Structure formats: C-alpha cells, structure tokens
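This report covers a two-chain model. Look at the sequence and structure first, then read on.

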Amino acid sequence: MAIMRNSDIAISIKNLSKFYGSFQALKDISFDVERGSFFGFLGPNGAGKTTTINVLTGLSNYSSGSVDVFGFGVTSEYQKTRPLIGLCAQEFNFDPFLSLEQMLVYQAGYFGISEPQAKRRANELLDRFQLSEKKSVKYRALSGGMKKRLLLCRALIHDPEILILDEPTAGCDLELRFLIWDYLAELNKEGKTIFLTTHYMEEAEKLCKTIGIIHNGEIVQIGEKEKVMKEKTLQDVFLELTNYREKIC
Amino acid sequence: MLISNPTGILALIKREVMRFLSVATQTLFPPMISSILFICIFGLALGKRIDLSESGITYIAFIIPGLMTMNAITSSYENASSSLFISRWHNHIQEVLLSPLSYFEMVLGILVGSLVRSLLVVSGVLAISLTFNPMPIAHPFLMIYFMVIIPIIFSCAGMLAALWAEDFNMLTMWNTYLIMPLTFLGGVFHPIHLIPAQFRFFTKLNPMYYLVNGMRHSVIGVSDTQVMHSIAVSLALAIVMFLTTVYLFRIGYKLRT
C-alpha cells in the first residue's frame, strides 16, 4: 500500500525554475496533476518537458520552487516519492550484462520487493507485453518495439501510483502503438495517474483528460482537454501556442 | 536509520556480483595468473639474491602480502570504477537513481559488490601463494581486517574516478598514474631498508606503504611500520573516502543534471 500525505493531488509543481548554466530551461512554472488523471504534457523539442520529468523523478536538481508528489517533496523526501513514480524514459538505458528477467527482478528489488514476488511480477509484465519468450536474452537481442515494451515493463515493475511516460510510442508501429494505448487506458481506469509527453497530437487527444502545453520553459496553456481545444483540433491549438507564437516574436 | 531498504541493497549487491561473475575470465582469473608469475619470477628466481635473513623470512614469504595488497587494491578499484562508469555511460545508473535507495545505500551496494570481488581474488592469491610457500598466518583476524578495509578504500576511489571521468581514458588515468606507482613504491616487492636513505622519507608519506605493511604484519608477522599506524591510516582513509563518495552521490555530482 503506497504511503501518501496528500491523496488528491498526485503532482504539485510550484514556481519551478531550472537553469543550465545561464540558460533558463524552466521559467517559474506551476501546475497540479490530480490523482487518477491522464495528463498530457506537450511542447516542441527543447521546450522543457524532459527537464520537468527529470526534476519530478529526481534525475535533475532544480534551481528554485517546489515539487511535491502526493504531498512529499521530491528532494527532501525522495525515498517516499520514488516508489510512487514509474518512469518510462525516452532512451533505451538498460544494463547490458543482464537478461530481461534479471533486469526486472533487480529493479523490483531496489524498490524493496522480495525476489519471489519480483519474479512473479516480472513474468506477469513480460507476458502482458508479449516478451515472455525473450526473458532469458539480453536487451541487445530485442527489436526497437520490444525495447519500448521493456521500458514500460521496467517502469511498472514496482506498481507505481504515477506512471511518467516520455514519448512512449515514438518510433513504434501502429500495432504496438495501439497495444500501448490500450494498456495505458486500462491502467488509468484502474486509478493510476499518467503523465504523458508525446509529439503525436492524436495520441494526446485520444488518451488524455487534461493537457498542459509548455513552450520555451513556460506553461502557455493548461486545463481540461475540451477547454484547451475549444472546438479546434489539439494540433491547431498546439501550433497556435508554439510555432505561431515564435513567428510573431 | 542508516539502512532502510535492506532488500534494495541486497538486490544491488547481487547485481554487482553477477556483473563481475559473468566476465570472470577478465575479473577473477587474471590476477591469480599474474600472481603466479610474480611469485615464480620475483619469489623463486630473483628472490634468492635478496637477503632478508635478518627478519627471519624468505623473500617469497615477503612478497605474498604485497601481492595480496596489490590485488585487493586493483580488483576493488577496477570493479567499482568500471561498474559505475559503464552504468553512467549506458545511463542505466538511472535504474538505481530512480529507486528509493538512499545515497548511502547506493554507495554501500556498489562497494560491497567490489569487496566481494576483492575477497575472492585475494583469497585465491593467498591460496596459490601458500601452495608455493606453505606458512602459518601470523594474525588471521588482522589479515581479515586488511582484506576488508583496503577494498573499502579503493572501491570508493574507483567510484570517485568513475564519477569524475568523462571517458575511458580519464577512467584509467588514476590507476595508471597514481595508484599503481604508489602501490609499487609502497613496498610490495621491497623492504624500506633497500631504498636509499634519502628517499625513505617520501616512502613514509605514501599511504600505500602503511597498507602493504599492515597486511604484511598480519600475514607474516613482520613489517616496516608499527601495525597501529597501518590500522589508523587505513581506517582514516576508509572513512574519508566513503563519506566523500556518499556526499558526491547526495549532491548528484555528474549523476544528476
């Protein structure tokens, strides 16, 4: 059972700023993500999406502001926030020495899950993502789509409350994309909070309940999907708020 | 509490051990083969010309603790530095950084993995050495102390190098230009009285000198230093290196952007 201080707000970001040297990647951004929400975090390349994710997961330090996960500070109480988050990163960053099953079992172990339980959970996930036959091989033997699925398995191995997905379907074929969409929708229905970044507007439009758009390190739009779209397509809204903005500047 | 996630640490240790066992031909056996060569060439061939009869020991017995120390240093350093650096290089360090392991626990996990490798290597070197030169161990508990404390120091040194290094060239630099020369100059193969008198002062500034001689005292009961000095230097080094490594993990030095 996950421990939470605030069970309504999954993610709370207040006045968050992040500098890389003199470059300000995040400019005083603030927003909340409610528990059980399917939140789409959109923005062009370099807008600050991955930086925000890295701050949330503790992979990046931040310059000022506060970032809470279910009421716990991600820096001061990182041992409480990390079990609540599962990250499906953009890159294939797997241990080359381990088989798929070993990798998942060790990963579960880091979260305090006993080995028998970890093995059971790993096999369930490998089965769910059609990777069971490959469980004894090392990740280099997998195709691109399989590696994407493995990223998802690893993010879910400790059954986190929040699943953060950084472009999970980039480079996937249609079949895999639909498989991932169905699984994410199912997870969200079960009550998981999902924080998704994507460049596919139809993906965000189909899956997300709330949308945030970030541009040049600033939140330019946030709210329920219908209110953000205002009878337009999400793509039109996105282009208006990002590319179009740049043109007039 | 210092350890809040014992299952997590155990998983990290298992992964570390699994990593070096999966490449045992590179990690476990070469030090044993090179030790046999050192014993044959220095101990059996050249050693006959070195007279240590004043101390009542043979030259081959003299170099055995030196070889144990040298292998404890290199195996623990190489294990920790390569493990952490490769995980930074492939970025699968994120698997650990995203977990609820505390920074203390992360360092401890990597350290214990290197310690296990070092203990396997040094025990192997000792076993091989004893077949060439059977002898009783003078102070077995003290030997265990040095077999543990030396890898603690150099596992941390390996982690520090792995954090600092940006490429493989930088990673090997510390070992090539600092650790190996200091180890050899620290008395692995020679007693201090064989060094010209004007250089002995510099030898005494070398921390490896205390580690080699501490191990030598524990194994053969003879050394060039007071054993308490060796214990004090090794303990102080281990504490400083460990705390520095935990601190760098905590601030995310080259681990977090």
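## Chain contact

The contact takes 25 residues from chain A and 26 residues from chain B. Two residues are in contact if their C-beta atoms, placed from the backbone, lie within 7 Å. On the side of chain A that touches chain B, helix 1 (49-57) and helix 3 (100-110) of chain A each supply at least two residues. Helix 3 of chain A gives the most, with 4 residues. Helices (H or I, at least four residues) and strands (E, at least two) are DSSP runs, numbered from the N terminus.

The residues on this side of chain A divide into 11 nonpolar, 11 polar and 3 charged. Ala, Val, Leu, Ile, Met, Phe, Trp, Tyr, Cys and Pro count as nonpolar; Asp, Glu, Lys and Arg count as charged; the others, Gly among them, count as polar.

## Basis of the model

This is a predicted model: local features need pLDDT of at least 70, side-chain atom pairs count only at pLDDT 80 or more, and totals for chains, interfaces and linings use all residues. Residues are numbered from 1 along each chain as its sequence is written, while chains are lettered from A and ligands numbered from 1 in the order in which they are written.

## Nonpolar core

The largest nonpolar core has 141 residues. Such a core is a set of buried Ala, Val, Leu, Ile, Met, Phe, Trp, Tyr and Cys residues joined through C-beta atoms within 7 Å. A residue is buried if 20 or more other C-beta atoms lie within 10 Å of its own, exposed if 12 or fewer, and partly exposed in between; C-beta atoms are placed from the backbone.

Cys153(A) and Ile164(A) touch the most other members. Helix 4 (residues 59-89) of chain B gives the most to this core, with 15 residues. Not counting residues up to four places away in sequence, Ile164(A) touches Ile53(A), Leu56(A), Thr57(A), Ile85(A), Gly86(A), Leu87(A), Cys88(A) and Phe195(A).

## Helix packing

In chain B, helix 4 and helix 6 (residues 103-132) pack at an angle of about 155 degrees, with their axes 8 Å apart. That makes helix 4 of chain B roughly antiparallel to helix 6 of chain B. Axes are lines fitted to C-alpha atoms, for helices over the stretch in contact, and angles run from 0 to 180 degrees between N-to-C directions. Angles under 35 degrees count as roughly parallel, over 145 as roughly antiparallel, 65 to 115 as roughly perpendicular and the rest as oblique. The residues of the contact of helix 4 of chain B with helix 6 of chain B divide into 15 nonpolar, 9 polar and 1 charged.

In chain A, the axes of helix 3 and helix 5 (residues 144-156) come within 9 Å and cross at roughly 25 degrees. Helix 3 of chain A is thus roughly parallel to helix 5 of chain A. Leu100(A), Met103(A), Leu104(A) and Gln107(A) of helix 3 meet Leu150(A), Cys153(A) and Arg154(A) of helix 5. These contact residues divide into 5 nonpolar, 1 polar and 1 charged.

## Individual residues

Asn15(A) is not a glycine, yet has a positive phi of about 45 degrees. Asn15(A) lies in strand 1 (residues 9-20) of chain A. With 12 C-beta neighbours inside 10 Å, Asn15(A) counts as exposed. Lys254(B) also has a positive phi, near 60 degrees. Lys254(B) sits in the segment after helix 11 (227-251) of chain B.

Val233(B) lies in helix 11 of chain B. Val233(B) is buried, with 20 other C-beta atoms within 10 Å. Val233(B) and Tyr210(B) are 23 residues apart in sequence and 6.9 Å apart in space, C-alpha to C-alpha.
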